[in-house]
Amino acid sequence: MKITILGSCAGTEPMPGRHHSSFTIEHNGSLFWIDAGEGCTYTAHLRGIDLLSTRAIFISHPHIDHIEGLPHLISILEKLNSRADPTSTVLTGKTIDVYFPDLEVWEAIMKMNKYTFPAYDNNNIEYKPTCYKDGIIFDEKGLKITAMHNFHMGKPQKGKPWLSYSYRIEADGKCFVYSGDLGDPEDVDPLFDSCDLLFMEAGHFQVDKVCRYLKDTKKSFKQLGMIHNGREVLADAQGELQKGRDILGDKVFIAEDEMVFNL
Ligand SMILES: [Zn+2]
């Protein structure tokens, strides 16, 4: 699977060369979106990613820095689809699955798009939204995604769903873990066995706190990318990276927009 980071910073004020959280997975000819922060469509398009091969969209939680690019993505998919050569229109009659922990927010986005882009109703793309829970939420053509709630948005009221999740993503015998936003670094524990690539957020914690936790709990991973980087980390990214490497060595890096990983 090919992973492209489209946005590597937290929901801070704008940061030069960095956008809010999003990345894509390309696998077996299908495209998957994990979160959809600002400019995700723009960056993916510039990277030559085939937007019309979109199969599913996964939203870790409904905070704006993870969904602000979603209305635009949906709008661009409609436009590209309506302009595509009918013989090559990948999405005609197809469904895009949307995994979203809060369907009210999803419905609000769709409503907004309908008001701002009236042609939206005349499309061939059907969206199938799912309010997912803990466990395997997607398993198709060798790509498996397991979700586990975390405490970033607190514990839900009785009878209400969890609103924030982390993911474990497996394909072709490789695996990576995406923390999403966390309440605490230990929130990812249930998703850990070992992994090739671990993306941990550094918007709510400093890099050294995350690295210290992973070292103390003897987590097994080949590479650790700090994503969702906050302003404190980005103010001295080199210094923060060094602090992380002092604890875990060269396998630590600070993620940047447009980084690509082939697992
Ligand atoms: Zn965030």
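Reply: The zinc ion is coordinated by Asp65 (OD), His66 (NE2), Asp181 (OD) and His228 (NE2), at 2.1 to 2.2 Å. Donors are N, O and S atoms within 2.8 Å of the metal (3.2 Å for Na, K and Ca), and since water is not among the atoms, sites may look incomplete. This is a predicted model, in which local features need pLDDT of at least 70 and side-chain atom pairs count only at pLDDT 80 or more, while totals for chains, interfaces and linings use all residues. Residues are numbered from 1 along each chain as its sequence is written, and side-chain values use heavy atoms, with hydrogens and water left out.

The angles among the four donor atoms run from 89 to 172°, and the site is irregular. Four donors count as tetrahedral if all angles lie between 85 and 135 degrees; four count as square planar and six as octahedral if opposite donors are over 155 degrees apart and all others between 65 and 115; anything else is irregular. For comparison, ideal angles at a metal are 109.5 degrees for four tetrahedral donors, and 90 or 180 degrees for six octahedral ones.

Along the sequence, the donor residues follow the spacing D-H-x114-D-x46-H. Helices (H or I, at least four residues) and strands (E, at least two) are DSSP runs, numbered from the N terminus. Both aspartate 181 and histidine 228 are buried, where buried means under 20% relative accessible area, exposed over 50%, and partly exposed in between (1.4 Å probe, protein chains only).

Another aspartate, aspartate 97, lies in strand β5 (residues 95-99). Its relative accessibility is 6%, so aspartate 97 counts as buried. Its side chain makes a polar contact with the side chain of arginine 55 at 3.0 Å. A polar contact is a pair of N or O atoms within 3.5 Å; within protein, one must be able to donate a hydrogen and the other to accept it, and residues adjacent in sequence count only if both atoms are side-chain atoms. Beyond its neighbours within four places in sequence, aspartate 97 is in contact (heavy atoms within 4.5 Å) with Arg55, Ala56, Ile57, Lys128 and Phe138.

Now the strands. Strand β1 (residues 2-7) has five of its six residues buried. β1 runs antiparallel to strand β14 (residues 260-262), with three bridges, and antiparallel to strand β2 (residues 22-27), with five bridges. Two strands pair if DSSP finds at least two bridges between them. Threonine 4 has valine 260 as its bridge partner in β14, and glycine 7 has serine 22 as its partner in β2. Threonine 4 belongs to β1 and is buried because its relative accessible area is 1%. Setting aside neighbours within four places in sequence, the contacts of threonine 4 include Phe23, Arg47, Ile49 and Met259.

Strand β8 (residues 143-149) is largely enclosed by the rest of the structure, because five of its seven residues are buried. On one side of the pairing list is strand β7 (residues 135-140), joined to β8 by five bridges and antiparallel to it. β7 and β8 form a hairpin with two residues between them, and lysine 141 in the turn has a positive phi of about 50°. Strand β9 (residues 165-171) pairs with β8 over seven bridges, also antiparallel. Threonine 146 of β8 is the bridge partner of isoleucine 136, and the partner of threonine 146 in β9 is arginine 168.

Positive phi values also occur in loops. Most residues other than glycine have a negative phi, and most peptide bonds are trans. Asparagine 28 has a positive phi of about 50°, lies in the loop between β2 and β3 (30-36), and is exposed at 55% relative accessible area. Lysine 218, with phi near 55°, lies in the loop between α5 (207-216) and β12 and is exposed at 73%.

Last, a helix. The 14 residues of helix α3 (residues 70-83) should span 20 Å at 1.5 Å a residue, and the end C-alpha atoms are 20 Å apart, which agrees; the expected span is 1.5 Å times one less than the number of residues. Buried residues in α3 include Leu70, Leu73, Ile74 and Leu77.
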